[in-house]
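This report describes the fold, the packing and a few individual residues of one protein chain. Please look over the sequence and the model before reading on.

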Amino acid sequence: MAVGGFSGVDGPVGSFSGKITLSVVITCIVAASSGLIFGYDIGISGGVTTMQPFLQKFFPSVLRKAAEAKTNIYCIYDSQVLTSFTSSLYIAGLAASLVASRLTATIGRRNTMVFGGLTFLAGAAINGGAANVAMLILGRILLGFGVGFTNQATPVYLSEVAPPKWRGAFNTGFQFFIGIGVVAANCINFGTAKRSWGWRLSLGLAVVPAAIMTIGALLISDTPSSLIQRGKVEQARHALRKVRGKDCDVEPELSELKKASDVAKEANQEPFVTIFERQYRPHLVMSIAIPFFQQLTGINIIAFYAPVLFQSVGFGSDSALIAAIILGLVNLASILVSAGIVDRFGRRFLFIEGGIQMFVCQVGVAVVLAVTTGVSGTKEISKGYAILVLVLMCIYASGFGWSWGPLSWLIPSEIFPIKIRPTGQSISVAVNFATTFVLSQTFLTMLCHFKYGTFLFYAAWNALMTIFVALFLPETKAIPLDSMNSVWEKHWYWRRFVCGN
Ligand code: BGC
């Protein structure tokens with residue numbers, strides 16, 4: 001087995017562990033359910049921050065400003081205070097994801113997931129019972145720590161346990177559960193929006209997904225690679241037998257994992273230093289570029305804008321939430337499509353197809369809005385055109401759902417050699433959160449000033465990232481994790497970095 005960047009030996013592709021067993025399926029479903037808490041938070045916070053009783057209690061100035069600011073359809077929710085509240089989670093998550101690198105290496109992937117789940121649970125309880133803004137923010141910081149840990153550990157867990165041939169499909173489970181969390185949260189907001197204490201229920205119910213994933217994580221064992229790395233060879237053998245099936249001889253795979261771990265230990269370097277070595281430049285670039293581009297697809301602005309748009313054309317807040325639910329369901333269905341084809345057609349195909357699809361839809365939304373609402377955004381958009389915008393947004397959401405959504409968690413978790421895998425994933429999650437933070441700080445103001453041009457801005461990024469993938473991302477489907485170095489060695493650009501090391 002090649003420990004990426006060292007021996008350069010291509011392990012026999014798929015020679016071990018090619019089979020899908022019931023145990024590996026259940027284990028991965030349980031692990032992937034960690035995505036629930038991230039999704040739930042994404043879905044719940046957008047809705048709660050538009051609930052009048054919530055704003056009245058914690059942010060009354062926002063309500064006063066909203067009443068005065070109804071100048072055009074783009075500026076209604078442009079409030080810095082609310083934005084800071086929502087995005088405090090991302091700063092906490094960023095810090096946690098960096099710490100998580102060391103944590104997953106020392107206590108294991110599974111235990112990090114449990115730790116993240118418990119932290120999120122505490123945050124949810126504090127938020128549900130919040131009596132003042134301080135409690136609200138403390139709760140949010142704990143939620144952030146929670147998702148920082150789970151988003152770092154879970155994709156690595158899935159990639160290490162999944163059979164290499166089906167790693168894409170298994171890893172997609174994480175984004176699928178994020179999607180379920182988003183839709184569940186939207187439905188809950190739909191039910192609670194009309195009650196004065198509804199926001200409390202919406203925020204407090206986050207304990208449910210947290211409990212589900214924490215209990216689930218307690219029931220599964222850690223990944224064989226992680227167990228070996230921590231010197232627990234017998235447990236690793238047992239875990240490997242469980243996921244690969246009783247009739248499978250796990251010794252060859254076990255001994256390869258041991259070798260990889262020994263090489264990693266011998267190197268005994270600080271992973272945050274190693275990762276900056278020239279031979280890991282392609283890996284590092286991908287772990288930064290992929291999550292950065294994922295956020296610049298504009299997924300969160302579309303998700304946020306759909307209900308606002310619907311409310312502003314007089315569909316009422318119910319239809320606004322229904323629009324969010326429709327978008328969420330389309331997104332979910334498309335993630336399933338991704339799971340079905342990612343290991344057959346490959347990552348590059350999905351990235352490129354999805355990127356083009358999102359580009360076309362965003363240009364379409366910009367044109368429809370410019371033509372119907374006027375350059376200033378003050379003209380009324382008719383319901384027919386609003387529905388056209390929703391259709392375009394659905395096509396957009398499906399493009400995201402089968403490309404940049406799941407693949408942005410998959411790629412960083414599968415390209416690194418074991419000794420810097422947790423570090424690579426940490427950097428990736430930190431970049432995801434940092435970019436989400438910056439965009440959420442700016443996008444409402446941007447929408448207010450650039451109006452429909454905001455969608456053209458994101459369209460341009462979609463074009464750029466599609467070209468980036470076409471030129472720089474090698475295909476990684478079906479390659480065992482420990483043979484991954486070969487994809488860089490064969491790549492027209494990256495081979496100069498990895499060869500000769
Ligand atoms: C992204 C989030 C996004 C979510 C949508 C995730 O992969 O990181 O920013 O809100 O997908 O389902």
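Is K451 buried or exposed? K451 is buried, with a relative accessible area of 15%, where buried means under 20% relative accessible area, exposed over 50% and partly exposed in between (1.4 Å probe, protein chains only).

The model is predicted: local features need pLDDT of at least 70, side-chain atom pairs count only at pLDDT 80 or more, and totals for chains, interfaces and linings use all residues. Residues are numbered from 1 along each chain as its sequence is written, and side-chain values use heavy atoms, with hydrogens and water left out.

**Overall fold**

The protein has 24 helices and zero strands; helices (H or I, at least four residues) and strands (E, at least two) are DSSP runs, numbered from the N terminus. Its radius of gyration is 23 Å, close to the 23 Å given by the globule rule for 501 residues, so the protein is as compact as a globular protein of that length. That radius is taken over C-alpha atoms, and the rule is 2.2 Å times the number of residues to the power 0.38. The C-alpha trace spans about 70 × 45 × 40 Å along its principal axes.

Of the 501 residues, 59% count as buried. Contact here means heavy atoms within 4.5 Å. Among contacts with a separation of 6 or more, 82% come from residues 24 or more positions apart. The accessible surface is about 18200 Å², and 69% of that area belongs to carbon and sulfur atoms; the areas come from the Shrake-Rupley method with a 1.4 Å probe, and for residues only the protein chains shown count as cover.

**Nonpolar cores**

A nonpolar core is a set of buried Ala, Val, Leu, Ile, Met, Phe, Trp, Tyr and Cys residues joined through side-chain atoms within 4.5 Å. The largest one has 67 residues, of which M286 and W404 touch the most other members. Helix α19 (residues 383-402) supplies the largest share of this core, 10 residues. Another core lies apart from it and has 51 residues, among them V48, L63, A162 and F433. Leaving out residues up to four places away in sequence, M286 touches P291, I415, F468, F472, L473, W488 and W494.

Helix α20 is mostly covered, with 11 of its 11 residues buried. W404 and E414 are among these residues. E414 has a relative accessible area of 0%. Beyond its neighbours within four places in sequence, E414 is in contact with S159, R167, R347, T476, L481 and M484. The C-alpha atoms of E414 and P164 are 9.7 Å apart, although 250 residues separate the two along the chain.

N189 lies in helix α8 (residues 167-192) and is buried at 0% relative accessibility. Not counting residues up to four places away in sequence, N189 touches G43, I44, G47, V48, M51, S202 and L321.

Most residues other than glycine have a negative phi.
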